[in-house]
Amino acid sequence: MARPHIEPYVELNDDYQPFTLRDFPQGAHYKVLSLDEDTGACSLKMRFDAGYSRPPGMSYSDAELFVLEGRVQVGEHTYGRGQYFFIPAGISMGAMHSADGFEALVFYNDGPPSHVESDQHHELALHEAFVSTNAYLDAPWLGTARRNPGVASGFAVKSLRMNPASKANTFLYAAIPEFMQDNISYHDCAEEAYHIHGDCSMMQFGELPTGGYFWRPAYINHGCFWSKHGCIALARIDGELYNYFHYNPWTTPDENARRAASMLYKEKPNLVEWTTRGGHNH
Ligand SMILES: [Fe+2]
């Protein structure tokens with residue numbers, strides 16, 4: 001997922017564009033939050049007009065959809081705010097219809113948006129990876145985030161989907177009003193988030209308000225943090241997240257990557273030797 005560092009981007013200031021890609025019906029609109037120019041993978045904010053209909057079909061890419069506002073019928077069921085789908089490539093989604101319209105975050109993870117009309121799943125589709133859940137109603141909040149070391153108290157996460165191999169994860173995070181964390185973080189994975197509501201400020205990038213978005217590649221310093229009013233956000237990471245904490249705002253991503261490798265060396269010396277040795281063929 002090679003995308004440039006985007007932080008912060010506040011989409012509420014920009015207009016929607018008509019979503020006129022081939023094979024998709026009329027009546028949808030989009031804003032690009034981030035785009036991988038090599039693969040066409042993208043994160044979009046989309047608006048679907050009242051009366052929007054899409055026939056059943058599958059995508060060539062894994063896709064994710066999170067309903068921000070409004071309601072949408074998919075097949076026999078109607079879904080509202082907080083509905084989250086992870087739709088593996090080749091899984092046919094039922095016919096989609098929205099009487100009054102809806103807004104959603106839509107992600108295509110492996111390639112550009114695609115829709116192949118079909119009421120059958122592709123024979124190679126990974127059925128067991130499909131997720132349908134209401135993020136606000138159906139999942140528990142965890143009071144501390146991630147592997148140790150955890151973040152400061154007052155910050156919670158709710159996992160919606162995890163890839164068991166890569167540990168790529170889609171989750172909600174929330175901070176209470178006046179949440180504060182005084183150190184600086186970076187990770188081995190890229191991080192992406194959209195602020196559904198609220199604010200969070202970082203020393204490097206200023207305030208991320210409602211409608212704020214970032215795509216942050218690995219090893220970029222972020223923090224300290226302060227949320228005046230609290231916030232709730234949808235976030236994604238493309239690998240296992242480990243919180244490397246420190247207090248030096250001047251380190252570069254290369255220096256952070258070397259520090260991360262040295263910490264891995266202390267924890268798993270044989271693994272580092274393997275990762276740095278040339279000539280292996282597996
Ligand atoms: Fe982070």
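1. Contacts along the chain. In this predicted model, 70% of the contacts in the protein chain between residues at least 6 apart in sequence join residues at least 24 apart. The secondary structure of the protein chain consists of two helices and 25 strands. The radius of gyration is 20 Å, close to the 19 Å that the globule rule gives for 282 residues, so the chain is as compact as a globular protein of that length.

2. Extent and surface. Taken along the principal axes, the box filled by the C-alpha atoms of the protein chain is roughly 55 × 50 × 35 Å. Of the 282 residues, 49% count as buried, and the accessible surface comes to about 14100 Å², with 54% of that surface belonging to carbon and sulfur atoms. As for charge, the protein chain carries 21 positive and 34 negative side chains, and the centres of these two sets lie 5 Å apart.

3. Asn183 sits in the loop between β17 (179–181) and β18 (184–186), and it counts as buried because its relative accessibility is 10%, under the 20% cut-off. Its side chain is joined to that of Gln181 by a polar contact of 2.8 Å. Not counting residues up to four places away in sequence, Asn183 touches His222, Gly223, Cys224 and Phe225, and also Phe245, His246 and Tyr247.

4. The cis bond at Gly223 and Cys224. Two of the residues touched by Asn183, namely Gly223 and Cys224, are joined to each other by a cis peptide bond, with omega of about 10 degrees. Cys224 is placed in the loop between β22 (212–216) and β23 (225–227). Tyr219 lies in the loop between β22 and β23 as well, and its phi is near 70 degrees, a positive value in a residue other than glycine. At 22% relative accessibility, Tyr219 counts as partly exposed.

5. Gly239 and Lys167. Which residues are in contact with Gly239, leaving aside its neighbours within four places in sequence? They are Ser166, Lys167, Ala168 and Cys189. Gly239 belongs to the loop between β24 (231–237) and β25 (244–246) and is buried, with a relative accessibility of 9%. Glu192 is 47 residues away from Gly239 along the chain, and the C-alpha atoms of the two are separated by 12 Å. Lys167, one of the contacts of Gly239, is located in the loop between β15 (155–162) and β16 (169–175). Although Lys167 is not a glycine, it has a positive phi of about 65 degrees, and with a relative accessible area of 31% this lysine is partly exposed.

6. Is Ser114, in the model, buried or exposed? Its relative accessible area is 14%, so Ser114 is buried. The residue is found in the loop between β12 (102–108) and β13 (116–117), and a polar contact of 3.1 Å joins its side chain to that of Ser59. Leaving aside neighbours within four places in sequence, Ser114 is in contact with Phe24, Tyr108 and a run of residues made up of Met58, Ser59, Tyr60 and Ser61.

7. The cis bond at Glu7 and Pro8. A cis peptide bond also joins Glu7 and Pro8, where omega is about -10 degrees. Pro8 is found in strand β1, which covers residues 6–10, whereas Cys224, at the cis bond with Gly223, is found in a loop.

Methods: Residues are numbered from 1 along each chain as its sequence is written. This is a predicted model: local features need pLDDT of at least 70, side-chain atom pairs count only at pLDDT 80 or more; totals for chains, interfaces and linings use all residues. Side-chain values use heavy atoms; hydrogens and water are left out. Helices (H or I, at least four residues) and strands (E, at least two) are DSSP runs, numbered from the N terminus. The radius of gyration is taken over C-alpha atoms; the globule rule is 2.2 Å times the number of residues to the power 0.38. Buried means under 20% relative accessible area, exposed over 50%, partly exposed in between (1.4 Å probe, protein chains only). Contact means heavy atoms within 4.5 Å. Accessible areas come from the Shrake-Rupley method with a 1.4 Å probe; for residues, only the protein chains shown count as cover. Lys and Arg count as positive and Asp and Glu as negative; His and the chain ends are not counted. The place of a charge is taken as NZ of Lys, CZ of Arg, CG of Asp or CD of Glu. A polar contact is a pair of N or O atoms within 3.5 Å; within protein, one must be able to donate a hydrogen and the other to accept it, and residues adjacent in sequence count only if both atoms are side-chain atoms.
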